[in-house]
Amino acid sequence: YDIASRATPRLIRELVLPGTYENGRMINGTVYAVTSAGMYLNEPFMPIIYDGSEAIARPSVWCPHIPLTSYSLSTLSSFPISGEGEVHAASFLMGYENTLYVSIDNAYIAYRLWNPYWWNGGILPKVSAIPETGEESVIHRFALDGGDITYQASGTVPGRLLNQFSLDQYHENLRVATTTNG
């Protein structure tokens with residue numbers, strides 16, 4: 001909206017992002033928003049971003065190398081707050097309970113790993129070396145550059161994150177605080 005006249009705001013642009021809004025940040029006039037939607041094997045779909053009623057972006061979907069028991073389709077989108085300019089997006093399959101941390105140059109999206117081994121009481125083989133507590137978190141890093149979004153890396157840490165304040169970036173290092181039961 002253009003709010004030059006606060007009594008009569010004027011719609012400049014209406015973007016429709018796939019899924020439900022989860023979280024967002026603004027850096028230097030660029031909005032970064034995370035949306036997510038449940039993925040069901042019998043109802044697959046591809047993400048589409050609309051400008052009004054016109055489809056303007058169909059980001060490809062990236063699948064992590066860390067297997068999960070269920071997936072959420074998450075999309076990290078960026079657009080200038082001015083209402084003009086290009087929309088960028090990256091979509092990926094990841095777990096539920098997303099935690100977003102954004103620095104000037106990177107976006108980190110983390111979630112708790114529900115490992116099939118622990119979920120099914122040991123019936124399925126382990127997919128990673130989860131600590132004895134059975135708790136592990138996955139963190140994905142995306143580089144941010146003037147609206148461009150580029151996947152960079154993934155990793156796991158023992159325990160679970162409490163919230164966005166469990167993550168912090170100091171220089172080029174991500175600092176993580178987790179907790180475990182037991």
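This report describes strand pairing and the surroundings of one serine in a predicted model.

Residues are numbered from 1 along each chain as its sequence is written. In this predicted model, local features need pLDDT of at least 70, side-chain atom pairs count only at pLDDT 80 or more, and totals for chains, interfaces and linings use all residues, while side-chain values use heavy atoms, with hydrogens and water left out.

Strands are DSSP runs of E with at least two residues, numbered from the N terminus; two strands pair if DSSP finds at least two bridges between them. Strands of a sheet pair through backbone hydrogen bonds, either parallel or antiparallel. Two antiparallel pairs are set out below.

| Strand pair | Bridges | A bridge partner pair |
|---|---|---|
| Strand 2 (residues 20–27) and strand 3 (residues 30–38) | seven bridges | Thr20 and Ser36 |

Strands 2 and 3 form a hairpin with two residues between them. In its turn, Asn28 has a positive phi of about 45°.

Ser77 lies in strand 7 (residues 72–80). This serine counts as buried because its relative accessibility is 0%, where buried means under 20% relative accessible area (1.4 Å probe, protein chains only). Leaving aside residues up to four places away in sequence, Ser77 is in contact (heavy atoms within 4.5 Å) with Leu17, Val31, Tyr32, Ala33, Ile49, His88, Ala89 and Ile149.

Notes
Helix = DSSP H or I, 4+ residues; strand = E, 2+ residues; numbered from the N terminus. Buried < 20%, exposed > 50% of the residue type's maximum accessible area, 1.4 Å probe, protein only.
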